[in-house]
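Hello,

Here is the structure for you to look at. My notes on what was found in it follow below.

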Amino acid sequence: MEKRTTLIGASVPRPDAVDKVRGEARYVDDLAFPGMLHVAVVRSPHPHAKVLSIDASKALGEPDVVCVVTHRDVPGANVVHVIYDDQPALADGVVRYIGEPVALVGAVSRRAARKATLEVRVEYEALPAVTDTRRALESGAPVICVPAAAEGGGNVFNRMVLVKGDVDTGFGQADVVVEGEYETGYQEHAYLEPQGAIAVPDEAGSMAVYASMQCPFYVQGAVAKALGLPLAKVRVVQTTTGGAFGGKEDVPSQIATLAALVAWTARRPAKLVLDRGEDVLTTSKRHPSRVHYRTGAKADGTITAIDVDVVLDAGAYQTLSSAVLWRSLVTAAGPYRVPNVHVVARSVATNTVPNGAFRGFGSPQVIFPHESQMDRIAERLGLDRAEVRRRNVLRPGDRTSTDHRIEESVGIAETLDRAVVLADWAERLSRVEAFNKTHADRHRGLGISCVLYGVGLGGKAPSLDKAGATMKLEADGSVTVAVGTVEMGQGLSTAILQVASEALGIPMERVHLAPMDTSRVPDGGPTVASRGTMMAALAVLDAARKLRERVVAVAREVGIPDAAAAERWSEIARAFWTRNVDPAVEGWAKTEPVSWDPTTGLGDAYPVYAFATHVAEVEVDLATGEAHVVDFAAAHDSGTILNRALAAGQVEGGIAQGLGFALSESIPQKEGRLVVNGLTTYRLPTIRDVPLNARVDFVEAAFPAGPFGMKGIGEVPLMAAHAAVARAVAHAMGRDPARYPLDPPYVRELLSASA
Ligand code: MTE
Ligand code: MOS
């Protein structure tokens, strides 16, 4: 592992903060190009229908309208290329969800484009729609998805199985068995900046795309496929991205493809930016879930077996559902030693908006059930809830549920101990009990949750776990760095600058991170799965090592001793220039190969795991059913922390997003229609709902193969927070919730049910 000195771990302020706070950062909607058109989308009003005809003549008669594009105008393949190519770019004959793009209007103003969408006449013939997974799984249910995408047959997109040991034997050894059915609904990413892209026809028949996104190489692939261009002719540049949270993993491939189709047809730049209402109604969300758990444990609390059935509502097209579902499969046992595991996981097609990635992928959907089961076991056995977890958490040398023997960087037990101290668990429990004895109108509760998260794509997509970086020593001694993963608010660019200047031994002010541009760096995979910072940092370290070797050689030639290289850096850079030495290097990194077997679900699923324990205290108003978080403690093991303030920021943000998921966020769906009006009727937590006194700490169980021992943190805080909050509410009520959100009506319902 690299030696770390002053910069690693330091709470260096983010260089992107000033522009963002001053409103000077340029988001995609702030950009304009000469002759640029605005794109508006004609969308399906039906959850499932045949498209009989499209008549654009009236719209085309409008003075400001330049073109109307349908599937017939797609020069390449009419698909939004993600993993499976089942989602058409523009509907061809059938629509499968409300909001599905049918045609595009390109006009000289956004207003004119939107107005003209009402003048595109589309004739539909409604087909029977299937809008919930129960119905979709019934025999005889109409098959509503593109059959080629239904790997599991019928409406089942994916079916995955994990079998370790023998659950019957495991339940036979158990002194208690608890069983439960749990449901969660939609969660909206609520990034501050809605989805948007601008496509600009470029020289020699190429296309440039500027977009708000997480995965520029995915967008490059999608646009090339729809336009029928070689990848080299599509250049994708990330614009300042106002939050993503997984929502800009696959959706920008669609947005950019639609913008590119108008740009291609009109031979003019074309901008598509969704307004908030359209964004909330038509883009991916967290998969609603239905999960069944059976958990067996011995009298001392040791878990002997789990048997789990997971159903995720994928929506009408595959998009990222297989990757999301895989997380549910391999995370079902949490950070615990479970010798006998049986998991069946299915993602199911329905006539609803396609769901995708959301911080944690499919793991929150199993963490809520699993942590609930842990508490119920503790209660049945009369054991303390933290103690039951302590007896089961993975220790170095243990095997995960996929039978992965993990030796290094296993800090879950330390996070549990740290969180218990930070929360003053035992003392707080007695205070809570005393409070409840003296208050008839309000009750308090304490909840704890432990999580494991495999960093990267692991065994699901091993060919994506790589990263590239370029580094160029300029003639004045400043250094330009470029990486293939992106800043989306999480702090990657700051961490990368810290790593680069630490590795080169020069001040951060001398290093500049160039905007992410696919023509500048090799395909380094997506910025997802908490891998972005870790992988980019590894590639930067590789580049820095190569550049340093050259610096040392040139320094020697001009008589500067190694030790003085940092002080005389500018002199050395000048010598590169005068002596015609190549000042540019490329860095490359990949993770150790994983060996995971899709038939059994077993193997080394990920190169490394991050861990966390959260403890929440809530107060519940027994009359209104309102729950409020009053105290919070969080301990994380993400290996070495590169920037403490930013890592703590990730945790605080994850707590907010997690408590929103548990307590208030939801979108009802009625016959394929999402009942929500932008963010007006979507109940996000506000500053009054988040605990401002959260205590956050890190146990740094270094990952030897990570950059300076770091291993990824981005998604983990949300994953731990929601369950700690939900279990705290359960404790306060003395009732076990079976679904999210624990909003006032549901809490009142639970309180009024007999115990
Ligand atoms: N933090 C902010 N502020 N904004 C975001 O969009 N996305 C989360 C997390 N933290 C996100 C964020 C998600 S879903 C992921 S996968 C990670 O950041 C990705 O970044 P990293 O791999 O560099 O940690
Ligand atoms: Mo994060 S859901 O992996 O983009």
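**Domain 1 against domain 3**

Between domain 1 and domain 3 about 1200 Å² is buried, and carbon and sulfur atoms give 60% of this area. Buried area here is the accessible area (1.4 Å probe) that two parts lose on being put together, summed over both. Of the area that domain 1 buries against domain 3, Gln214, Phe217 and Gln238 supply 49%, more than any other three residues.

This is a predicted model, where local features need pLDDT of at least 70 and side-chain atom pairs count only at pLDDT 80 or more, while totals for chains, interfaces and linings use all residues. Residues are numbered from 1 along each chain as its sequence is written, chains are lettered from A and ligands numbered from 1 in the order in which they are written, and side-chain values use heavy atoms, with hydrogens and water left out.

The chain is divided into domain 1 (37-127 + 195-273), domain 2 (359-458 + 603-750) and domain 3 (466-590); these bounds come from an automatic or database domain assignment. The C-alpha centres of domain 1 and domain 3 are 37 Å apart. In contact (heavy atoms within 4.5 Å) are 16 residues of domain 1 and 16 residues of domain 3.

One salt bridge is counted between domain 1 and domain 3. The term means a side-chain nitrogen of Lys or Arg within 4 Å of a carboxyl oxygen of Asp or Glu. Arg235 and Asp517 form a salt bridge through their side chains, at 2.6 Å from N to O. On the side of domain 1 that touches domain 3, α6 (216-227) and β11 (234-238) each supply at least two residues, and β11 gives the most, with five. Helices (H or I, at least four residues) and strands (E, at least two) are DSSP runs, numbered from the N terminus.

**Other salt bridges**

The structure holds 49 salt bridges. In one of them, Glu138 pairs with Arg135, with the closest N and O atoms 2.7 Å apart. Glu138 is partly exposed because its relative accessibility is 42%; the class lies between buried (under 20% relative accessible area) and exposed (over 50%), with a 1.4 Å probe and protein chains only. Arg135, at 33%, also counts as partly exposed.

Asp309 and Arg346 form a salt bridge at 3.6 Å, N to O. This pair links distant parts of the chain, with Asp309 in strand β14 (residues 303-315) and Arg346 in strand β15 (residues 340-349), 37 residues apart.

Regards
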